[in-house]
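Dear colleague,

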Amino acid sequence: MKKAKRNAVLGLLLFALLVAGAVYTVICGLGETNAGRAEDIVLGLDLRGGVSVTYEIVEEDADDSSIAATKDKLQRRVDNYSTDGEVYMEGGNRITVEIPVDTSKYDPNKILDELGRPGTLEFIDPTNYQLFESGQTYEAALTGADIKDAQGGIREDQTKGTKENVVSLQFTEEGAQKFAEVTAANVGSPIYIVYDGKVASAPTVNEAITGGNAEINNISTYEEAESLASTIKIGALPLTLKELRSQVVGAKLGSDAVSTSLFAGAIGLGIVFLIMIIVFRFPGFLASIALSCYVILDLFFIQTLNISLTLPGLAGIILGIGMAVDANVIIFTRIKEEIGEGKTVKTAIKNGFSKAFSAIFDGNITTIIAGVVLLSMGSGAVKGFAKTLILGIVLSMFTALVVTRVLLNCFSTLGVTNKKLYGESRHKKVVKFSKAFKFTALISLVVIACGIGALFVNKNMDGRGDSLNYSLEFSGGTSTTVTFDKAYTLEEAETEIVPVIADAAGINAGSVQIQIVDNTNQIVFKTSELNEETRSAVSNALENKFSLTDDKIDSQNISSTISSEMQRDAIIAVVVASILMLIYIAFRFSDVRFGAAAVIALVHDVLVVFMVYSVAYLSVGGTFIACMLTIVGYSINATIIIFDRIRENLREMNPAQVGYDTIVDTSISQTMTRNIYSTLTTFVTVLMLYILGVPSLKEFTLTLIAGLLCGLYSSIFITGPLWLFLKKHIGKKKAPDQSEKQNSMKQTAKAGKQ
């Protein structure tokens, strides 16, 4: 016993040292590179700002498909620097690229030079290369338009135990056919890769390549492979671009967006700690320590892994904190139940973790599946969300299942075993939620119908014209660059200039985006599309109200920053994720109806939040994607908790005797407290962001609050009863319900009397 206590003390001391080291690393950094330092976290364009460059298309006869392909390839190239970069059309022949970058540490000119310098890429066979060298007319086998992607890397040969620097090429469907033909005709000869009139590489063809993918090897260094891949990607643009202007722009959400969000988050987390301690007593105190470790580790890995933190990324962190709290709530609720059944504290802790594991594991793995799909198939903001989500889930599982467990075991070994410090939960009264399913399902259908109906109302309402209030990210608009006689801060521009523009244009001031151009008196205002008359009204209002430099006001129509390809990728990723989650849940719960019910409940929650957007005519933009993805993660986790308890009760309660409806009602009653506490803790964090955060975050947090409340409603009134409905109506055998069981008992009793 003395040895066990000594080990517990040593364990706590070691834990304290590790925490101190982690805190030091987050504050001061690790080693010469300061790896892990929180203040070095890469912030996205919306939180920090970055560089903006506008290119002009050289070709005068460029068609729409070539322009769209150039814009899309630029976007994918920008993603290599940051998933938060934006690419959009400005006017009919200009493309603007904005990339978040810390100009105090990185040279933006190098990025801009690599991003879109003019030049063409061609793959030339030996015969045509001779014509090229002699200045005669030739035909290239492939051009930049035939290249889909190029990546530099290292290939390991497991058999030989060697490593080789390579460049992997991926061709378009048409390019793959062309490449197959040129390689088949030139086995043993080089294919010349010519960029901007100079040979970048001349790899020898070893065999005909017909799969649409190729690899260039025999490259001396990894840096050379990276440089060649970059050159191929740069030259893979269908059109030639000429740089018109480049500038450094400020954060879209304001310079104080990060500080105010952190302040609001800290207050919210403090309230969460208080709730955990009040509800769960001593374990809640230990959970607060574990959650603090979670935050520290999250900040460390976000910086170390060079994850760009954007608004969607913040959403992923919020969801991660919610799931970290949720895991502790599940565990502590189980411990209280075990103590309520008369178990000792030590036994209750052991059983609590054991019984909570499956719910935590399945809930987190299901969400990780969604995150991995979004990361691999999504683009832009979707990838940023997926990165922080996956990281948060892994860390939440570690802190709940390892850190919290170690702390509880150490203190219980040291004699902290008074049941009053842990609380106990008696058997809860079973509420017949399943009986109300017809009513609650009707409410949900009415709410969803209101959202759909609002789409038609919005489209026909004066001053709207669109079913949804698409923001600049989706619909495009007008960019107005104004040069003032003095420099304005973002806050001054919001309060003094934006109202003038909004009044002159007849638009909502909250829809105007502002970007301050660093080291100048220029400000860029982005609004919904303005016609010539409205542009003139805005210009006159600004000239009358403010002093401008040479009355310089430049207005251009701009395209959406979220391209149709990005929208398509996001939709496909969500669909694939839903299918994989359905398969996983069906496998883990040995019943496809669990998976079907989970996906239907997920769709329900998404549609209800969509109703808020349509009825309130809220702005649908990047925050919309972040919000919907957060609801998907939160919804599926809450569903798993209910299903896990149903699965457990199916083993412990005989459905033939008590009926499936009783099992469902019992499961919901047992988990309802957990659902309320988990929602409450996440709700508090989001509410603080709404109250104390910057104005540009209010719509985002408002819809998240709606999503949280919807998730609580569906976890109690929809998820379990929906599975019961499917169980009764889909399958070979009709499931016995409580009324059938009672009738059977009455008939048996009658027969016994006779």
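**Salt bridges and a buried histidine**

K343 has a relative accessibility of 27% and therefore counts as partly exposed (buried means under 20% relative accessible area, exposed over 50%, partly exposed in between, with a 1.4 Å probe and protein chains only). Please note that this is a predicted model, in which local features need pLDDT of at least 70 and side-chain atom pairs count only at pLDDT 80 or more, while totals for chains, interfaces and linings use all residues. Residues are numbered from 1 along each chain as its sequence is written, and side-chain values use heavy atoms, with hydrogens and water left out.

K343 forms a salt bridge with E338, with 3.0 Å between the closest N and O atoms (a salt bridge is a side-chain nitrogen of Lys or Arg within 4 Å of a carboxyl oxygen of Asp or Glu). In total, the structure holds 17 salt bridges.

A further salt bridge brings together the side chains of R155 and E215, at 2.7 Å from N to O. R155 belongs to strand β6 (residues 147-157) and E215 to strand β10 (residues 213-219), so this pair ties together parts that lie 60 residues apart in sequence (helices, H or I of at least four residues, and strands, E of at least two, are DSSP runs numbered from the N terminus). R155 is partly exposed at 30% relative accessibility, and E215 is also partly exposed, at 36%.

Within helix α15 (residues 532-545), E532 and R535 are three residues apart, about one turn of the helix. These two residues form a salt bridge whose closest N and O atoms are 3.9 Å apart. E532 is exposed, with a relative accessible area of 60%, whereas R535 counts as buried at 15%. Elsewhere, salt bridges with shared partners join R334, E337, R645 and E648 into one network.

Where does H604 lie, and which residues does H604 touch? H604 is found in helix α17 (residues 592-616) and is buried, with a relative accessible area of 9%. Leaving aside residues up to four places away in sequence, H604 touches S444, I448, C710, Y713, S714 and I718 (contact means heavy atoms within 4.5 Å). With S444, the side chain of H604 makes a side-chain to side-chain polar contact at 2.8 Å (a pair of N or O atoms within 3.5 Å; within protein, one must be able to donate a hydrogen and the other to accept it, and residues adjacent in sequence count only if both atoms are side-chain atoms).

Yours sincerely
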